[in-house]
Amino acid sequence: MAAETARYRRVLLKVSGEALMGGRDYGIDPGMIDRVAAEVAAVHQTGVQLALVIGGGNIFRGLSGAATGMERSTADYMGMLATVMNALALQNALEKVGVPTRVQSAIVMASICEPYIRRRAMRHMEKGRVVIFAAGTGNPMFTTDTAAALRAAETDCQAVFKATQVDGVYDADPRRVSTAKRFDRLSYMDVLARDLRVMDHTAISVARESGIPIVVFSIHTPGALSEVVAGRGSFTLISEED
Ligand code: UDP
C-alpha cells in the first residue's frame with residue numbers, strides 16, 4: 001500500500017510523557033521508548049518526513065508543581081526541561097535503530113541540542129532526518145499539545161498524529177466507563193464545544209486556524225502509527241466540518 005502511505009509527505013507525531021512510562025509510575029520505560037522508536041522507524045522507512053513533539057508528564061508537570069506551592073512559571077520551566085530529557089532518550093532510541101535524528105529545543109541548550117530554527121528543522125526533514133522538538137513552545141502556561149499544533153503549522157506538516165492510551169476520542173474515559181462512545185470523526189468545533197479532553201483548547205484552536213487535521217490513535221497497538229499514517233486502522237480524525 002505504498003501509494004496510500006504517500007498521501008502524507010510530512011507529519012508530526014505527538015507523544016506524551018505518560019506514553020513513555022509503560023507500566024511504571026514515573027520516568028522512562030526502556031522497552032516502551034524502544035517501541036515508540038520502532039513505530040517511528042517504520043514510518044520513516046516509507047519515506048514520509050517526520051517531526052516529533054514529546055511531552056514531559058512522566059517526569060514533571062507544571063500544574064503539579066504549582067499545586068505544591070511552587071510558582072507556576074518556574075514549575076512550567078521545569079516541565080519543559082523534562083521534555084528535553086525525554087527528547088534525548090528518544091533520539092538515542094531512534095539512532096540505535098538507524099534513524100538519523102536531531103533534537104531542537106525551544107529553550108537554547110547549546111551543548112546538548114540545536115536551538116529551534118524553523119528553516120533548519122524543515123531542511124533536516126527534507127534530508128530524511130527525524131526532528132524532535134523539545135521544550136514545548138518555550139513559554140510557561142502552554143502544553144506540549146499546543147507546541148505540537150504550533151510546530152506542525154510552522155513546519156508545513158500535513159497532520160498531527162496524537163498518540164494516546166486509547167484508539168481515538170471517546171465521550172468519557174473508556175478505561176473507566178464501559179458505555180463510553182467512540183467518535184470516528186469530529187470537527188474542531190465539536191471538540192471545543194463538547195469540551196472533549198483529547199487536547200487542550202489552545203492546541204485545537206491553533207490546529208483549526210491552520211487547517212491541520214489531528215489523528216488520534218493508540219500507541220499501545222503495535223504497528224499502529226504506520227497503519228494510521230496510511231489511513232488504515234482505528235483512529236479518530238479531527239478536522240473541519242465536511
Ligand atoms: N510546558 C510549558 N510550556 C510548553 C510546553 C510544556 O510550560 O509550551 C510545561 C508544563 O508545565 C507541562 C510540562 O511542561 O506540564 C510537560 O508538558 P505536558 O504536560 O504537555 O506533557 P505531556 O502531558 O504530553 O506528557
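User: Why is Asp167 called partly exposed?

Analyst: In this predicted model, the relative accessibility of Asp167 is 24%, and because partly exposed covers the range between the buried limit of 20% and the exposed limit of 50%, Asp167 counts as partly exposed. Arg182 also has 24% relative accessibility and is therefore partly exposed.

User: What makes Arg182 and Asp167 a salt bridge?

Analyst: The closest N and O atoms of Arg182 and Asp167 are 3.5 Å apart, and because the criterion asks for a side-chain nitrogen of Arg within 4 Å of a carboxyl oxygen of Asp, the pair is a salt bridge. This pair links distant parts of the chain, with Arg182 in strand β8 and Asp167 in the loop between β6 and β7, 15 residues apart.

User: Why is Glu39 called buried, and what is its salt-bridge partner?

Analyst: Glu39 has a relative accessible area of 7%, and since buried means under 20%, Glu39 is buried. Its partner is Arg35, with the closest N and O atoms 3.3 Å apart; both residues lie in helix α2, four residues apart, about one turn of the helix. Arg35, at 24% relative accessibility, counts as partly exposed.

User: How do you know that Glu114 is buried while Arg120 is partly exposed?

Analyst: Glu114, with a relative accessible area of 16%, falls under the 20% limit and is therefore buried, whereas Arg120, at 39%, lies between 20% and 50% and so is partly exposed. Their side chains meet in a salt bridge at 3.6 Å, N to O.

Conventions: Residues are numbered from 1 along each chain as its sequence is written. This is a predicted model: local features need pLDDT of at least 70, side-chain atom pairs count only at pLDDT 80 or more; totals for chains, interfaces and linings use all residues. Side-chain values use heavy atoms; hydrogens and water are left out. Helices (H or I, at least four residues) and strands (E, at least two) are DSSP runs, numbered from the N terminus. Buried means under 20% relative accessible area, exposed over 50%, partly exposed in between (1.4 Å probe, protein chains only).
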